[in-house]
Amino acid sequence: MAILQSSDPIIIIGAGMAGLAAAERLRASGFHPLVLEASDGIGGRVRSDRANGVVELGAEFIHGARAATWEVLKRANLKTRPYEVDDATPRRFSYGGALQPVDWALANQIEAYVARGEQYAGPDISLTEWFEQIAPAR
Ligand SMILES: Cc1cc2nc3c(=O)[nH]c(=O)nc-3n(C[C@H](O)[C@H](O)[C@H](O)COP(=O)(O)OP(=O)(O)OC[C@H]3O[C@@H](n4cnc5c(N)ncnc54)[C@H](O)[C@@H]3O)c2cc1C
């Protein structure tokens with residue numbers, strides 16, 4: 001099996017979270033990866049529109065205490081704030097091109113599932129697999 005030398009060229013396609021995390025790990029191991037990004041910014045699906053305040057167009061939540069993101073945030077000295085679910089706050093979501101009121105019964109059910117997920121201690125699985133385990137389709 002060929003072993004990589006730190007002088008070997010390494011190209012990472014895409015400067016989303018996966019590409020940036022891979023680049024950081026490789027650099028920490030003494031490699032000098034080149035990251036190629038097709039769009040005009042880094043971050044991939046993590047994208048903020050700052051034209052009028054901040055509107056998150058992509059990822060904004062850190063899900064769970066075990067998320068690897070915590071370690072990155074700590075190293076970068078970035079701040080977070082808890083997301084409070086408050087039934088009294090009017091909320092809307094966009095569906096079919098129109099803003100719809102939130103179905104609180106469904107939202108609370110989903111929150112209960114997420115809270116159960118916080119306790120999960122098994123192997124790393126996708127959210128879809130998690131929901132299939134705890135709420136199999138009827
Ligand atoms: C609306 C939305 C909300 C989300 N909310 C959350 C959240 O709250 N919390 C959470 O944890 N996750 C959330 N996610 C998921 C999270 O954004 C993704 O899991 C994560 O950003 C994926 O990172 P990635 O590096 O794998 O891919 P991407 O972010 O898709 O990055 C891939 C990068 O590669 C580039 N690329 C692709 N092909 C090429 C090519 N041929 N050459 C050069 N560059 C290329 C793309 O331009 C892009 O920048 C959300 C996603 C969306 C869409």
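Mentor: Strand 5 and strand 6 (residues 98–101) pair in the antiparallel sense, over 4 bridges. Keep in mind that this is a predicted model. The two strands form a hairpin with 2 residues between them. In that hairpin, Gly96 takes a positive phi near 60°.

Now look at Arg92. Its place is in strand 5, which covers residues 92–95. Across the pairing, Arg92 stands opposite Pro101 in strand 6. Pro101 is also one of the residues Arg92 touches. Leaving aside residues up to four places away in sequence, Arg92 touches Leu99, Gln100, Pro101 and Val102. Take Val102 from that list. Arg92 and Val102 are 10 residues apart along the chain, and their C-alpha atoms are separated by 5.6 Å.

Is Arg92 buried or exposed? Arg92 is exposed, because 10 other C-beta atoms lie within 10 Å. The cut-off for exposed is 12 or fewer. As for side chains in general, those of a regular strand alternate between the two faces of the sheet.

Step back to the whole chain. The protein has 4 helices and 6 strands. From the N terminus on, the elements run β-α-β-β-β-α-β-β-α-α. The radius of gyration is 20 Å, well over the 14 Å that the globule rule gives for 138 residues, so the protein is more spread out than a compact globule. Along its principal axes, the C-alpha trace spans about 55 × 40 × 30 Å. Of the 138 residues, 0% count as buried. Among contacts with a separation of 6 or more, 23% join residues 24 or more positions apart.

Helix 2 (residues 69–76) is hardly covered. Its count of buried residues is 0 among 8. Just after helix 2, Asn77 takes a positive phi of about 55°.

Last, the ligand. There are 19 residues around the ligand, and Gly14, Gly16, Gly44, Ala59 and Phe61 come nearest. By type, the shell divides into 9 nonpolar, 7 polar and 3 charged residues. Helix 1 (residues 17–28) gives the most to this shell, with 3 residues.

Notes:
Residues are numbered from 1 along each chain as its sequence is written. This is a predicted model: local features need pLDDT of at least 70, side-chain atom pairs count only at pLDDT 80 or more; totals for chains, interfaces and linings use all residues. A residue is buried if 20 or more other C-beta atoms lie within 10 Å of its own, exposed if 12 or fewer, and partly exposed in between; C-beta atoms are placed from the backbone. A residue is near a molecule or strand if its C-beta atom, placed from the backbone, lies within 6 Å of it. Ala, Val, Leu, Ile, Met, Phe, Trp, Tyr, Cys and Pro count as nonpolar, Asp, Glu, Lys and Arg as charged, and the others, Gly among them, as polar. Two residues are in contact if their C-beta atoms, placed from the backbone, lie within 7 Å. The radius of gyration is taken over C-alpha atoms; the globule rule is 2.2 Å times the number of residues to the power 0.38. Two strands pair if DSSP finds at least two bridges between them.
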